[in-house]
Amino acid sequence: MSTLKQHILTTPYGAYTYAYPHKTAYRQLPPQQLSDIWKYEDKSQLFLYLHIPFCEMRCGFCNLFTTVNASASLESEYLLALRRQATIIKEQLGDSHIAQLAIGGGTPTYLSPAELEQLYEITDLFGIDYANTPSSVETSPATATVDRLNILAEHHTQRISVGVQSFVEEEVKSVGRPQRNSKVFSALDNIRKAGIPILNIDLIYGLAWQTAESWLFTLRTALEFQPEEIFLYPLYVRPLTGIGKEGRSWDDERQELYLRGRDYLLEQGYQQVSMRMFRRGGSPAGEGEYCCQNDGMVGLGCGARSYTRQLHYSNEYAVGQTGVKAILQDFVQRSDDDFAQVHYGFQLDDDNQKRRFIIQSLLHSSGLSLPLYHARFGSLPMQDFPQLSELFLLDLATERGDRITLTAKGLTYSDAIGPWLYAKSVNNLMHGYELK
Ligand code: SF4
């Protein structure tokens, strides 16, 4: 690890560590049977994730596994493959219970209402008790229609997340998203009327043309809909226009916008859950706060990851349209035997399990619990990673009681702290990955 100070100074926006290790560290593995992989795992509280890799447009900042302009036949072939995969996985898992459900993408509501019903027939295979299972679905302003939302509400969706990014049309257009506010307002009205308890709105800062004033305008407009959650994402793909004002660096601009946004939300009664996530005071915790240090995750579909304690696996990954389409074609043609096996992923040794635990805990406002770490690994984080003391020296973290938590400054630098904790071998794999 380089020193944390170096990391912060040179790359305050190193990477968004939403999962460790990142998928670009995954590689081909010798085939393993799913039933063997899950044999000794706790399957009583599983998280089921379904990935729908279709969108109406490709946003310029997006590096998720998704495709645009999919044909109706590809969608139906995909749903058929998903059903086959679900059947096989359920068999291979044996006795198991789904405690949380998330449907993401892509844009799940890109599917027609009839296809969404088919999607729930697939989740039915896992015997989900929808009324008592927290669930989350992603949507977009163009596809959050009353008929689709009614289907989500009928299945007791607890949380819906919509990517708005900005309420200034020119700013959103700069990242390849020609979006009309009238459409966004009607989507947000539809979501509120559908009675889904938690609304999350995703917003982005660092956009072309964005100023502190326009950013606050976007935040104020979002709050008119009283969302229970707001995610503030820094833009990671540098825009070609409208930046570098007054000779300041893009990092400085993003940091100023972050601080303005954070302070505004705190003033308005929101609580900070992580660098990106804010929750309105008194709102319930939804799937957005799912903590997966210990629990198993079962992913269905192209682009979905699955986690056991020692193995993370998925399909191959791509962002470019040719690569995505090739992986999708392969997925819909996979045999049942193929679905019962894992070919691609990352085996976590003890060191990487510890790093994962620390990263996932530390970047969340609830922090790193020393007793929980000790119960899992039989040691303490500072013994395993003495470098963590730098966090205290730089005023990025405090230790209180049995917990290490990031300070406000630490949360601001989450995107430097996360990558600083990656293992060298993981960094090497990520750098050696050829993005398709
Ligand atoms: S709608 Fe979401 S998943 Fe689709 S391209 Fe845009 S950001 Fe990516």
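**Figure 1. Overall view of the predicted protein model.** Of the contacts in the protein with a separation of 6 or more, 77% are accounted for by residues 24 or more positions apart; a contact means heavy atoms within 4.5 Å. The model is a predicted one, in which local features need pLDDT of at least 70 and side-chain atom pairs count only at pLDDT 80 or more, while totals for chains, interfaces and linings use all residues. Residues are numbered from 1 along each chain as its sequence is written, and side-chain values use heavy atoms, with hydrogens and water left out. The secondary structure comes to 18 helices and 18 strands; helices (H or I, at least four residues) and strands (E, at least two) are DSSP runs, numbered from the N terminus. Along the principal axes, the C-alpha atoms fill a box of roughly 55 × 55 × 40 Å. The radius of gyration of the protein is 21 Å, which agrees with the value near 22 Å that a compact globule of 436 residues would have. This radius is taken over C-alpha atoms, and the globule rule is 2.2 Å times the number of residues to the power 0.38. Buried residues make up 57% of the 436 residues. Here, buried means under 20% relative accessible area, exposed means over 50%, and partly exposed lies in between (1.4 Å probe, protein chains only).

**Figure 2. Surroundings of the ligand.** The ligand is surrounded by Cys55, Met57, Arg58, Cys59, Phe61, Cys62, Leu64, Gly106, Thr107 and Arg177; a residue is near a molecule if one of its heavy atoms lies within 4 Å of it. By class, this shell has 6 nonpolar, 2 polar and 2 charged residues. In this scheme Ala, Val, Leu, Ile, Met, Phe, Trp, Tyr, Cys and Pro count as nonpolar, Asp, Glu, Lys and Arg as charged, and the others, Gly among them, as polar. Glycine 106 is found in the loop between strand E5 (98–105) and helix H4 (113–124), and a cis peptide bond with omega of about 20° joins glycine 105 to glycine 106. Threonine 107 also lies in the loop between E5 and H4. Threonine 107 counts as buried because its relative accessible area is 7%. Not counting residues up to four places away in sequence, threonine 107 touches Ile52, Phe54, Cys55, Glu56, Thr139, Ser140 and Thr143.

**Figure 3. The second largest pocket.** About 320 Å³ of space lies in this pocket. On a 1 Å grid over the protein atoms alone, a pocket is an open set of points where a 1.4 Å probe fits, with protein on both sides within 12 Å along at least five of seven lines, and lining residues have an atom within 4 Å of a point. Grid points are joined across faces, edges and corners, and the volume is the space filled by probe spheres set on the points. The second largest pocket is lined by 21 residues, of which Ser314, Asn315, Arg334, Gln341 and His343 lie nearest its centre. The elements that give two or more residues to this lining are helix H3 (72–93), helix H10 (321–332), helix H11 (336–339) and strand E15 (341–347). Strand E15 provides the largest share, 4 residues. The lining has 8 nonpolar, 9 polar and 4 charged residues.

Figure 4. Leucine 74 has its place in helix H3 and counts as buried, at 8% relative accessibility. Apart from neighbours within four places in sequence, leucine 74 is in contact with Phe54, Leu328, Gln329 and Val332. Isoleucine 201 is found in strand E8 (residues 198–205). At 0% relative accessibility, isoleucine 201 counts as buried. Leaving out residues up to four places away in sequence, isoleucine 201 touches Val162, Val164, Leu188, Ala222, Pro227, Glu229, Ile230 and Phe231.

Figure 5. The peptide bond from tyrosine 20 to proline 21 is cis, with omega near -5°; proline 21 lies in the loop between helix H1 (4–10) and strand E1 (27–33). Histidine 156, although not a glycine, has a positive phi of about 55°, and lies in the loop between helix H5 (146–154) and strand E7 (159–165). Histidine 156 counts as partly exposed because its relative accessibility is 44%. Aspartate 395, in the loop between helix H15 (389–393) and strand E17 (397–400), has a positive phi near 65°. At 46% relative accessibility, aspartate 395 counts as partly exposed.
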